[in-house]
Amino acid sequence: MQSGILLAFLAYFSYSCSDAAGKLLGSQLPVFEIGFFVSLIALGPALLSKRADESWRSILRPHRPWMVLARMTTGTVGGMSAIYAFTHLPMAEAYSLIFLLPVFVAVLSMVLLKETVGPSRWLALLGGLAGVMLVVRPGFNALTLGHLAAIVCAFSGALSAILLRSLGQTEKRLTLVGGVLTAATLTNGLLMIPHFVMPSVQHWPILVVGGLCAGIGNITMVVAARLTPASRIAPTQYSQIVWAALLGAVLFGEFPDPLAVAGMALVGFCGMMTLSGGDDRRVVPALPKPAGSLGA
C-alpha cells in the first residue's frame with residue numbers, strides 16, 4: 001500500500017511538471033498547439049499501461065460508447081482550459097481554482113446521482129472555497145479569462161469524476177485514458193491549424209518533457225490505483241499545490257504573498273477533509289487526476 005501512495009505522489013509531481021512545461025511555452029506557441037503536441041507525446045507512454053491479458057480490440061470497443069464519448073469530451077475541454085489557465089495565471093493560483101473540483105463533484109453528485117452530502121463534508125467544501133477566495137481575492141485583483149478557464153477546468157473535472165464513477169466498473173482504464181488523449185490530440189490538432197507556428201529547436205525539448213511527464217503520470221497513477229485503495233491515494237492530489245508553488249517560484253519567479261499561502265494551505269487541508277469525511281450516505285470516491293493537468 002505504501003508503494004502505491006509513493007507512486008501517486010510521483011504521478012502528481014509528473015503532472016505538475018507537464019503543466020509547467022505548457023506554461024513555459026505559453027507565450028511562444030498557441031495554446032491549441034501546445035495541447036496537440038503534449039497529448040500526442042503523452043499517448044506513447046500511456047499505451048504502455050496496457051495489460052498483457054487485454055487485447056487491442058477490446059480496448060477499442062467500449063461497452064458504453066456514448067458515456068465514453070462524454071468522458072472524452074469533458075477530458076478534452078478540461079485539458080484545453082487548463083492550458084489556457086496555466087499560461088495566463090500563476091501556477092499556484094490556477095491550481096487553487098482547479099481544486100474547486102470537489103465542490104462541483106458534491107453538487108453534481110446530489111443533482112445527478114441523488115447522493116446525500118453530509119454536514120461535515122459541506123463544511124470542508126465551504127472551507128476550501130474560502131481558501132480559494134484568499135488566493136484569488138476577487139474585487140481586489142482583476143478577474144481574467146484565465147480565472148474563468150480554471151473554473152471551467154474544475155467543472156469539467158467534476159463531470160469526468162461523475163462519469164468515471166460509472167464507467168470505472170465496465171470499461172478498461174486504458175480505454176478511458178487513451179480515449180481522452182486521442183480526442184485531445186485530434187481536437188487540438190484541428191484547432192491549431194489556422195494559427196500554426198512551427199516549433200523551434202528550443203521548443204521541442206520542452207514539448208517532449210511535457211508530454212512524457214503527462215504520460216508517465218498516467219502510467220504511475222494506473223499502477224498506484226492497482227496497489228492502493230482510491231481513498232488513500234486521493235489526498236496526494238493536493239501535493240500539486242506544493243509543486244505549483246515551488247515550480248512557480250523556480251521557473252517563473254512567482255512568489256505568493258502570505259495571505260495566498262494561507263489560502264493554499266486551507267484549500268489543501270479542506271480538500272483532504274472532503275475526501276475523508278464519513279457522514280455521507282454514499283461516500284464520494286477519490287477524485288480522478290484533475291482534468292486541469294495537460295495529461296488529461
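Buried here means under 20% relative accessible area, exposed over 50%, and partly exposed in between, with a 1.4 Å probe and protein chains only. The model is predicted, so local features need pLDDT of at least 70 and side-chain atom pairs count only at pLDDT 80 or more, while totals for chains, interfaces and linings use all residues. Residues are numbered from 1 along each chain as its sequence is written, and side-chain values use heavy atoms, with hydrogens and water left out.

Helix 5 spans residues 91–98, and eight of its eight residues are buried, so the helix is largely enclosed by the rest of the structure. Helices are DSSP runs (H or I, at least four residues), numbered from the N terminus. The buried residues of helix 5 are Met-91, Ala-92, Glu-93, Ala-94, Tyr-95, Ser-96, Leu-97 and Ile-98.

The structure holds one salt bridge, a term for a side-chain nitrogen of Lys or Arg within 4 Å of a carboxyl oxygen of Asp or Glu. Its partners are Glu-254 and Lys-23, whose closest N and O atoms are 3.3 Å apart. Glu-254 sits in the loop between helix 12 (239–252) and helix 13 (258–276), and Lys-23 in helix 1 (residues 2–25); the pair links distant parts of the chain, 231 residues apart. Glu-254 counts as buried at 18% relative accessibility, and Lys-23 counts as buried at 12%.

Leu-212 lies in helix 10 (residues 203–227) and is partly exposed, with a relative accessible area of 37%.

Methods: Helix = DSSP H or I, 4+ residues; strand = E, 2+ residues; numbered from the N terminus.
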